[in-house]
Amino acid sequence: MTATHPPRPHTLAVDLSEEALHQTPPMSYGAYLGLDQLLAAQHPRSDEHDELLFIIIHQASELWMKLSLHELRAALRQIQADDLGPALKMIARVSRIQAQLIQSWEVLSTMTPADYSRIRPHLGQSSGFQSYQYRQLEFLLGNKNAGMMAVHKPEPALHATLEAALNAPSLYDESLRLLARRGFDIPAGKLDRDFAQPYEPDASVQAAWLAVYQDPHKHWDLYDLAEKLVDVEYRFQQWRFSHMKTVERIIGFKPGTGGTGGVSYLVKALNLSFFPELLSLRTAL
């Protein structure tokens, strides 16, 4: 016969008297995080329920982009110093951040076309297209296009920051310089060029990466770097696709608030590649 035990009573309260929860800390959680400023930064321009959702999704995305820039700039410096261990960790962290950015479209897509149509008049000409952090992120990853800075001309200091990012070597440019330092045959024109210009694929660069992939044990850190970069591009494309499909779902094919073609503009972005040889070598491998 199986012994039975009386049911445990449901506990409605837990005794936390010994946990020192009521002590006043020298610095509070709210003060450390600047929550007063952070939570006061949402200023809906209408009484529509969904406008707060729209604002918070975009503000949270900007915070994640700020962290991505922090990580990728540090990774670039580590690659310049031939110290790939920390760089690999930083780039991998960016891929995890990108997963959060991709998921944010799932939350925004709960906004219906009718919901959005009620808040759209209050947005004016503001648009994610004008995000200067997004532009810095694309420049850092290698999508160089000087024409994308025109919208920031009214803000000279910001425009100068973007111009510096446009003219600086990208993460991929520094990765190619690293390959050259390791003895791979990278054309001089790829190592010292006008970095404000879009990168053009090169057969010699593909051959260098192909050699890395053909003997990953010999070139493990370079192989790992290449795969980390591919992961970032893969997730960036997922982000772009989710953005495009969310916009399509909410506004259809109407023009964007910032003057772009909306979905048509976002579709074009899907054809952009940051690290072309890392993708094309897969056909040759």
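This is a predicted model: local features need pLDDT of at least 70, side-chain atom pairs count only at pLDDT 80 or more; totals for chains, interfaces and linings use all residues.

Analyst: Residues are numbered from 1 along each chain as its sequence is written, and side-chain values use heavy atoms, with hydrogens and water left out.

User: How many helices and strands does the protein chain have?

Analyst: Helices (H or I, at least four residues) and strands (E, at least two) are DSSP runs, numbered from the N terminus. Read along the sequence, the pattern is α-α-α-α-α-α-α-α-α-α-α-α-α. The count is 13 helices and 0 strands.

User: What percentage of the residues of the protein chain count as buried?

Analyst: Buried means under 20% relative accessible area, exposed over 50%, and partly exposed in between (1.4 Å probe, protein chains only). Of the 285 residues of the protein chain, the buried share is 40%.

User: Among contacts between residues at least 6 apart in sequence, what percentage join residues at least 24 apart?

Analyst: Contact means heavy atoms within 4.5 Å. Among the contacts in question, the share that joins residues at least 24 apart is 71%.

User: Which residues touch the most other members of the largest nonpolar core?

Analyst: A nonpolar core is a set of buried Ala, Val, Leu, Ile, Met, Phe, Trp, Tyr and Cys residues joined through side-chain atoms within 4.5 Å. The largest one has 59 residues, and its largest share, 12 residues, comes from H11. Apart from it lies another core of 5 residues, including Phe139 and Leu162. In the largest core, those that touch the most other members are Leu141, Tyr172, Leu179, Trp209 and Leu278.

User: How is H8 oriented relative to H11, roughly parallel or roughly antiparallel?

Analyst: Axes are lines fitted to C-alpha atoms, for helices over the stretch in contact, and angles run from 0 to 180 degrees between N-to-C directions. The axes of H8 (residues 171-181) and H11 (residues 220-251) come within 12 Å and cross at roughly 165°. Angles under 35 degrees count as roughly parallel, over 145 as roughly antiparallel, 65 to 115 as roughly perpendicular and the rest as oblique. The crossing angle therefore makes H8, relative to H11, roughly antiparallel.

User: Which residues of H11 make the contact with H8?

Analyst: By class, this contact has 7 nonpolar, 1 polar and no charged residues, where Ala, Val, Leu, Ile, Met, Phe, Trp, Tyr, Cys and Pro count as nonpolar, Asp, Glu, Lys and Arg as charged, and the others, Gly among them, as polar. H8 contributes Leu171, Tyr172, Ser175, Leu178 and Leu179. H11 contributes Leu222, Leu225 and Leu229.

User: What is the handedness of the crossing of H10 and H11?

Analyst: H10 (residues 203-214) packs on H11 at about 110°, with the axes 9 Å apart. That makes the two roughly perpendicular. A crossing is left-handed if the near helix is turned anticlockwise from the far one by less than a right angle, and right-handed if clockwise. For H10 passing H11, the crossing is left-handed.

User: How many of the residues of H6 are buried?

Analyst: H6 spans residues 132-141 and is mostly covered. Among its buried residues are Gln133, Arg135 and Glu138. Just after H6, glycine 142 takes a positive phi of about 120°. Of the 10 residues of H6, the number buried is 9.

User: Which residues does tyrosine 134 touch, not counting residues up to four places away in sequence?

Analyst: Tyrosine 134 is found in H6 and is buried, with a relative accessible area of 13%. Its C-alpha atom is 8.1 Å from that of glutamate 62, 72 residues away along the chain. The residues touched by tyrosine 134 are Met65, Phe236, Trp239 and Arg240.

User: Where is aspartate 82 found?

Analyst: Most residues other than glycine have a negative phi. Aspartate 82 has a positive phi of about 60° although it is not a glycine. Aspartate 82 is also partly exposed, with a relative accessible area of 37%. Its place is the loop between helix H3 (51-80) and helix H4 (84-108).
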